[in-house]
Amino acid sequence: MTCFSCLFGRRVSSSAKRHTEFGEELSGVHNVNLFTYKELRIATDDFSPINKIGEGGFGSVYKGKLKNGKIAAIKVLSAESKQGVREFLTEIKVISDVHHENLVKLYGCCVEGDHRILVYNYLENNSLAQTLLGGGHSSVQFNWQTRTTICIGVARGLAYLHEEVRPHIVHRDIKASNILLDKDLTPKISDFGLARLIPANMTHVSTRVAGTIGYLAPEYAIRGQLTRKADVYSFGVLLVEIVSGRCNTNSRLPVEEKYLLERTWNLYERRELVGLVDALLNGDFDAEEACRFLKIGLLCTQDTQKLRPSMSSVVKMLTGEVDINENEITKPALISDFMDFKTWNLYERRELVGLVDALLNGDFDAEEACRFLKIGLLCTQDTQKLRPSMSSVVKMLTGEVDINENEITKPALISDFMDFKVKPTPKTKPDIITASYNHASSDNMENSLLSSGTTCATMTFTAPSF
Ligand SMILES: Nc1ncnc2c1ncn2[C@@H]1O[C@H](COP(=O)(O)OP(=O)(O)OP(=O)(O)O)[C@@H](O)[C@H]1O
Ligand SMILES: [Mg+2]
């Protein structure tokens with residue numbers, strides 16, 4: 001292991017080869033531990049499958065023993081992550097400068113040729129996704145006290161990233177698999193700043209993690225508006241998961257229980273929130289505190305971003321330092337509301353024209369544009385048989401055949417299609433990127449890491465084959 005500052009010091013000669021390889025790239029980047037590929041190969045027994053402990057959207061994670069005897073989690077970033085050395089190291093520097101009890105510690109990294117590898121402190125008790133939400137495959141017991149400690153710890157870690165680190169860090173991917181637990185079950189947030197290590201046009205594409213979508217604030221998932229309040233939303237979902245012991249989406253449950261947030265809101269309205277608390281606790285919990293936590297979850301996931309509290313307020317509410325105001329709780333933003341019905345709602349209100357791209361500055365044939373949108377609705381109807389053939393679509397688009405308004409029925413629900421992916425928005429949509437920036441600045445985010453990370457997320461979904 002070598003420290004960059006050492007590379008420029010007297011010990012440079014021992015690393016002369018590496019120094020030559022990186023050349024100018026290293027100047028200005030200090031105090032980041034640098035591992036050689038060989039060192040990490042030895043640590044992981046040549047990246048042996050036996051040592052592989054997981055795989056996420058960024059690549060594979062191996063358990064390894066470093067030269068100094070420490071156990072590490074070694075994350076090999078996937079081939080797409082061919083960020084330039086200097087850019088990569090600059091981001092690494094930001095991450096490794098951040099220290100907090102509730103954040104995973106980055107030991108260092110390896111940048112050799114195409115290899116981009118991160119070396120983290122190894123956490124003994126895996127992630128919340130595998131333990132608490134892993135369907136009983138874990139021996140870890142989560143009593144009520146442990147759960148409160150985890151919720152408060154995660155909130156503190158996130159408040160630190162949002163409000164104390166300069167520039168602020170928006171995590172972007174708060175979810176149960178990114179909350180790791182040490183041997184004492186102290187929670188540690190992992191993967192903060194990681195999205196920044198992936199080239200801007202190749203954002204984290206989480207193809208395998210079907211659960212991700214349930215954590216995303218709709219305004220981020222759909223419009224690419226990334227602010228700290230998107231993290232607050234994800235935290236709210238996580239909080240409800242921890243109290244209830246279930247994942248945000250469970251397609252095996254009856255429709256009214258499938259979506260955790262929707263269920264929480266319904267129970268809240270019926271004043272039956274306590275019914276959501278994990279049955280595995282066998283009633284051994286503080287009901288008032290549990291309901292408070294669930295209400296904080298609802299506060300965090302509200303539709304209007306501005307109404308969501310900051311993470312430091314969340315910490316105070318969780319610890320009981322500040323009371324929550326029940327009257328403040330408004331309905332959560334549900335991704336299904338957002339996606340499914342926008343066009344349909346406007347259609348029903350006879351306001352379809354409002355959907356036409358503003359960049360056209362009104363310079364379009366309104367009747368034709370609305371016709372196109374209605375054809376879109378015809379094509380996306382729930383009942384397949386009602387969808388027109390493509391030759392009919394051509395005739396309708398060209399005006400050769402009229403469309404019959406009475407034929408349009410409600411579109412198929414996006415929530416029925418659960419294989420979601422988060423993809424980068426193509427660069428040809430500068431309007432969305434600007435919108436994202438504007439939003440950021442209104443949230444005092446000018447100096448945050450977001451300001452140079454121009455990622456916008458959009459959502460695509462793959463329908464199951466019929
Ligand atoms: N520092 C660590 N200590 C122990 N285990 C870890 C550590 N980092 C990652 N893991 C394990 O590796 C798994 C994969 O992690 P990874 O971050 O690559 O994927 P993910 O969190 O499931 O998804 P995503 O890529 O979206 O973050 C984790 O679920 C966890 O079990
Ligand atoms: Mg992760």
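Residues are numbered from 1 along each chain as its sequence is written, while chains are lettered from A and ligands numbered from 1 in the order in which they are written. Because the model is predicted, local features need pLDDT of at least 70, side-chain atom pairs count only at pLDDT 80 or more, and totals for chains, interfaces and linings use all residues.

**Around ligand 1**

Let's start with the ligand. The shell around ligand 1 holds 25 residues, and Gly54, Gly56, Gly57, Ala73 and Ser177 come nearest. A residue is near a molecule if its C-beta atom, placed from the backbone, lies within 6 Å of it. Two or more shell residues come from each of β3 (52–56), β5 (71–77) and β7 (115–121), and β3 gives the most, with four. Helices (H or I, at least four residues) and strands (E, at least two) are DSSP runs, numbered from the N terminus.

Ligand 1 lies between domain 1 (14–121) and domain 2 (128–336), because both give residues to its shell. The domain bounds come from an automatic or database domain assignment.

**Helix α4**

Next comes α4 (residues 85–96), with twelve residues and a reach of 16 Å from first C-alpha to last, close to the expected 16 Å. That expected span is 1.5 Å times one less than the number of residues. Phe88, Leu89, Glu91, Ile92 and Ile95 are buried in α4. Seen down the helix axis, the buried residues fall within an arc of 160°, so they line one face of α4; the arc is that of the directions from the axis to the C-beta atoms. An α-helix has 3.6 residues a turn, so residues three or four places apart point the same way.

**Backbone spots to look at**

A cis peptide bond joins Arg166 and Pro167, with omega about -10°. Pro167 sits in the loop between α5 (144–164) and β8 (179–181).

| Residue | Phi | Loop between |
|---|---|---|
| Asp191 | about 70° | β9 (187–189) and α6 (218–223) |
| Arg271 | about 55° | α9 (260–269) and α10 (287–300) |

Asp191 counts as buried because it has 25 C-beta neighbours inside 10 Å, whereas Arg271 is exposed, with 8 other C-beta atoms within 10 Å. The cut-offs are 20 or more for buried and 12 or fewer for exposed, with partly exposed in between.
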